[in-house]
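Here is a friendly note to read beside the model. Could you keep the structure open while going through the points?

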Amino acid sequence: MTTPMLTKNQSLVFDVLTKAEAPLSAYTILDKLRDQGFRAPLQVYRALDKLLEYGVVHRLESINSFVACAHPHEDCHSHGLVAFAICESCGQVIEFHDHEVDHRLMDWLKSQKFKAEKSTIEIRGHCANCAA
């Protein structure tokens, strides 16, 4: 997957997410970009919507935050299942994708005649460092 040409705002939001050590909420992104002219949450949400559409950013539903895709140049995220392990202690997020798991799930969905619109798996727990 080639990353499309990003607008200035999309590039700024994407840059903040790629440099972040943990998932960020839209309001945290807004705070980090105020010096670059961002004034309203709508500016951030519009950029995030496009970045999500391009598959270079993921939304973590359970914590209402966003992360940059760990593999933005692979085509596996455009229609596949992505899972995230989220550490409850430090906030670290590990992205996971497995074609075999993806194919098994797609086969099951077909057998159920179910058309999936969106799927994300979030596993909450403790990373290796925090569990030790």
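1. Let's start with a helix pair: α2 and α3 pack at an angle of about 110°, and their axes lie 9 Å apart. That makes α2 roughly perpendicular to α3 (a label for angles of 65 to 115 degrees). The axes are lines fitted to C-alpha atoms over the stretch in contact, with angles running from 0 to 180 degrees between N-to-C directions.

2. On the α2 side, the contact is made by Ala 26, Tyr 27, Ile 29 and Leu 30, and on the α3 side by Pro 41, Val 44, Tyr 45 and Leu 48 (contact means heavy atoms within 4.5 Å).

3. A word on the source: this is a predicted model, in which local features need pLDDT of at least 70 and side-chain atom pairs count only at pLDDT 80 or more, while totals for chains, interfaces and linings use all residues. Residues are numbered from 1 along each chain as its sequence is written, and side-chain values use heavy atoms, leaving out hydrogens and water.

4. Which residues of α3 are buried? They are Val 44, Ala 47, Leu 48 and Leu 51 (buried means under 20% relative accessible area with a 1.4 Å probe, protein chains only). They cover an arc of only 100° around the axis, which puts them on the same side of α3; the arc is taken from the directions from the helix axis to the C-beta atoms.

5. These buried residues of α3 pack against α1 (8–19), α2 (26–33), β1 (57–60) and β2 (65–68). On the other side of α3, Arg 46 and Glu 53 are exposed (over 50%).

6. Just after α3, have a look at Gly 55, which takes a positive phi of about 80°.

Methods. Helix = DSSP H or I, 4+ residues; strand = E, 2+ residues; numbered from the N terminus. Parallel < 35°, antiparallel > 145°, perpendicular 65-115°, else oblique.
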